[in-house]
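Open the structure in a viewer and keep the selection tool at hand. The stops below say what to select next and what is there.

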Amino acid sequence: MTGTDRPTGTTTDARPDPAARPGADRTHTGDQGPARPLARRAGEVLLALVVAAAVGTATLLIVNAPPFAQPSWLPESFRTTLSAGFVVLAGWLLLRRASGPCALWLLGTAGPAFLASSHLGLLLNGTPHYLFGLSGDQVNRVAYLTRFTDTAGLADPFYADAAPFYPPQWFWVGGRIAALLGVDGWEFYKPYSIITMAVAGAIAFVVWRWLIPTRLAVLFGLVTAMVGVHTNAYEPYSWILICVLPQIVVATWLLCNRLVAGAAGTGPGGAGPGGDGPATWPLVVTIGSYLGLAALGYTLIAGIAALLVALVVALHAWRHRADRAVVRALAGRLAAMAAISATIALLFWHRYLSALITGAETEPSVASDFAPESGAYLPLPMFEMSVTGVLCLIGLVWVVVTVWPADAWGAGTSGTRGRGPGRGEDHNLDDDDNTSASALAWPLPSTGRALVLARCVTLIVVAVFSWFLLSGLRAATGSTLLPFRMIPLLTLALALAGVVGALMLARWAVAVAPSDTRGKVIAAAVVVAGLAAIQMVQHVSEEDAEFATTARNTATMPTDVLTALDEMTDGRDPSDMVLLTDDATLITYRPYFSFQAPSQAYATPAAQYEERIDEIRGWSQTDSPAELAAEFEASEFRAPDVLVLDREAPDRWVFTAIINEMPREHNNSREELVFGPQQFADPDLFDVREVGDQVVVVRR
């Protein structure tokens, strides 16, 4: 792998000094063992993360400094100016042939961070909350971050007595950083989410830089940042995984090609049965580690990534099925990746799996029953009226033209189709084969690497569409495969392909133009690309605009209730208490545990959500304080220490239970479970205080 930035169209024997840029590594891994290149790659990723986080933080502070009136269009006006300025600067650096590796590396790491943080920072100007405030899914996410701000141990965001089910990686890291900084989890959620989106594009650039020319990797990083804020800002913890998934597919393809080339004796470092030995193991460790970390962060993304990796290996194994040594080598590497990923995944999943093995009662997860409109139709981002849509359309055309065999209609030959390594194959990890007749510096991959990119994008597109179609079949059973979660991946893959396609289209236009008009063609291409970039940067989706409005309209912290809880519990630590309340914001502001999750979609199956609802129903039907206290003591679950109920009338204290209705269009229904003052009218058993339109009851 390399970040070589040599123009496509020139060949040269002069190569840059490997130490000339951060993280450079131009030496084949087989010559130095697997540990050294892995450490070097990890060091570059860490450096990029630090740079991007610093730039993102500084950008947030700057864009939040002006006292913009809210609501107004002033933040949008400011963003437009910033967008234009950044596009001009980035364009100048990319077009300037004197821009060195360090300048491009800084642009590739700082640029995406600036774009993402300025975009989201100005969109959410005037509110301490992230997109959608403390509503819907964000209740669960903020509560999870608040939980890990309070403790470093694995725990469920709501239940004190149930094994956690939702992967904690992103929330654990954020919670630990918030604790280190002395910031409340709910307050840290917004900047942490924005910085995550900022870091994602920078990490994507670094990983791409190991696979393609540096200038193209910069463009990929910038496009990744913008596709992220347009399609997946609502889930930053999934985007940090999606942004490098295309690279993982490409790396897996190159790994398989290298094994095949090594078996044929054409790989770097000589031949040998089963591949070129240690040179492939850094990739195996990298891919396996990614899959394991994905399993700690987002189960569905981990599953899709594992499926894509397995498909790549299976395709190569089928193509070379006659060579048993190659098939064994491919199967061995796949097994090694699976072992590495499973080992990492068990760091979290061991507790839930242990609960299942030991016979703990669970109920089926209902999360996959969620069936929004976006999951009902095949996603076709290439036909959206936006710059991203145009990029996706160009990318689709480029992929089809590149992958489609030349002899499909009886014309020409297919080159390498069905054969071993040869013309058009790419088994090197370094993209150094940039040869053509043009002297213009086009940041394009070599022919072999372009073919690998196109094939990998094709695989991603086919996999996503197949996932949608399979989800349609599963709809007959009343559930889904949550296919809408794949839309950001599809859009990203096609948009990145569109960058390559647009560059090739521009190169073709320059090549066919008369020599005396080529300067005009180049100027027109630069202007169009610049204006398209500005439009892409300043665009805000309707959904994100609505979510930002919801964030600004989020109710303030319920300080009266929280103060009452502190006073009535003698300053007892919140994480030592279990609340029964339908006001989920209390769990987001303080690390209380909850007897019941806000809805079944957020509940771990080990918590037995429906049985808890039945138990609350029974409590509401008790006739006396003594009977209610006895029911609490007899509960199979850890009973609530505090009840916070809505006081709809002097004799009507209500807990609103959320009843799951998925996959219906309206996901939940509400059931009011009514308590009365007489059930708590024993001061030896309960301490009661009315706080506004709520009542706080503490068990003695």
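**Stop 1: helix 20**

Select residues 609-620, which form helix 20; its 12 residues reach 17 Å from the first C-alpha to the last, close to the 16 Å expected at 1.5 Å a residue. The expected span of a helix is 1.5 Å times one less than its number of residues. Helices (H or I, at least four residues) and strands (E, at least two) are DSSP runs, numbered from the N terminus.

This is a predicted model, in which local features need pLDDT of at least 70 and side-chain atom pairs count only at pLDDT 80 or more, while totals for chains, interfaces and linings use all residues. Residues are numbered from 1 along each chain as its sequence is written, and side-chain values use heavy atoms, with hydrogens and water left out.

Next, colour the buried residues of helix 20: Tyr609, Arg612, Ile613, Glu615, Ile616, Trp619 and Ser620. They lie on the same side of helix 20, because they cover an arc of only 160° around the axis. The arc is that of the directions from the helix axis to the C-beta atoms. Buried means under 20% relative accessible area, exposed over 50%, and partly exposed in between (1.4 Å probe, protein chains only).

Now show what covers these buried residues: the cover includes strand 1 (578-581), helix 21 (625-634), strand 4 (652-660) and strand 5 (668-675).

**Stop 2: the whole protein**

Zoom out. The protein has 21 helices and 7 strands. Of its 700 residues, 53% count as buried. Among contacts between residues at least 6 apart in sequence, 74% join residues at least 24 apart; contact means heavy atoms within 4.5 Å.

**Stop 3**

Select residues 74-95, which are helix 2. Its 22 residues should span 32 Å at 1.5 Å a residue, and the end C-alpha atoms are 32 Å apart, which agrees. Which residues of helix 2 are buried? They are Pro75, Arg79, Ser83, Phe86, Val87, Ala90, Leu93 and Leu94. These cover an arc of only 135° around the axis, so they sit on the same side of helix 2. Turn to the other side of helix 2 to find Thr81, Val88 and Leu95, which are exposed. The buried residues of helix 2 pack against helix 3 (101-123), helix 7 (214-231) and helix 16 (518-538).

Move to Pro71, in the loop between helix 1 (35-64) and helix 2. A cis peptide bond joins Gln70 and Pro71, with omega about -5°.

**Stop 4: the largest cavity**

A search of the whole structure finds 5 cavities of 30 Å³ or more. The largest cavity has a volume of about 100 Å³. Of the 13 residues that line the largest cavity, select the closest to its centre: Trp208, Phe220, Leu453, Val457 and Leu496. The elements that give two or more residues to this lining are helix 9 (245-264), helix 14 (447-474) and helix 15 (487-512).

On a 1 Å grid over the protein atoms alone, a cavity is a set of points where a 1.4 Å probe fits but cannot get out, and lining residues have an atom within 4 Å of a point. Grid points are joined across faces, edges and corners, and a volume is the space filled by probe spheres set on the points.

How many nonpolar, polar and charged residues does the lining have? There are 13 nonpolar, no polar and no charged residues. Ala, Val, Leu, Ile, Met, Phe, Trp, Tyr, Cys and Pro count as nonpolar, Asp, Glu, Lys and Arg as charged, and the others, Gly among them, as polar.

Stay with helix 9 and select Ala261, which is buried, with a relative accessible area of 0%. The C-alpha atoms of Ala261 and Val326, 65 residues apart along the chain, are separated by 9.4 Å.

**Stop 5: loop residues**

- Phe132 is in the loop between helix 3 and helix 4 (137-150). Its phi is near 75°, a positive value in a residue other than glycine.
- Asp570 is in the loop between helix 18 (559-568) and strand 1. Its phi is near 55°, again positive in a residue other than glycine. Asp570 is exposed, with a relative accessible area of 73%.
- Asp641 is in the loop between helix 21 and strand 3 (642-649), and at 15% relative accessibility counts as buried. Leaving aside neighbours within four places in sequence, its contacts include Arg572, Val578 and Arg699.
- Pro663 lies in the loop between strand 4 and strand 5. A cis peptide bond joins Met662 and Pro663, with omega about 15°.

Notes. On a 1 Å grid over the protein atoms alone, a cavity is a set of points where a 1.4 Å probe fits but cannot get out, and a pocket is an open set with protein on both sides within 12 Å along at least five of seven lines; lining residues have an atom within 4 Å of a point.
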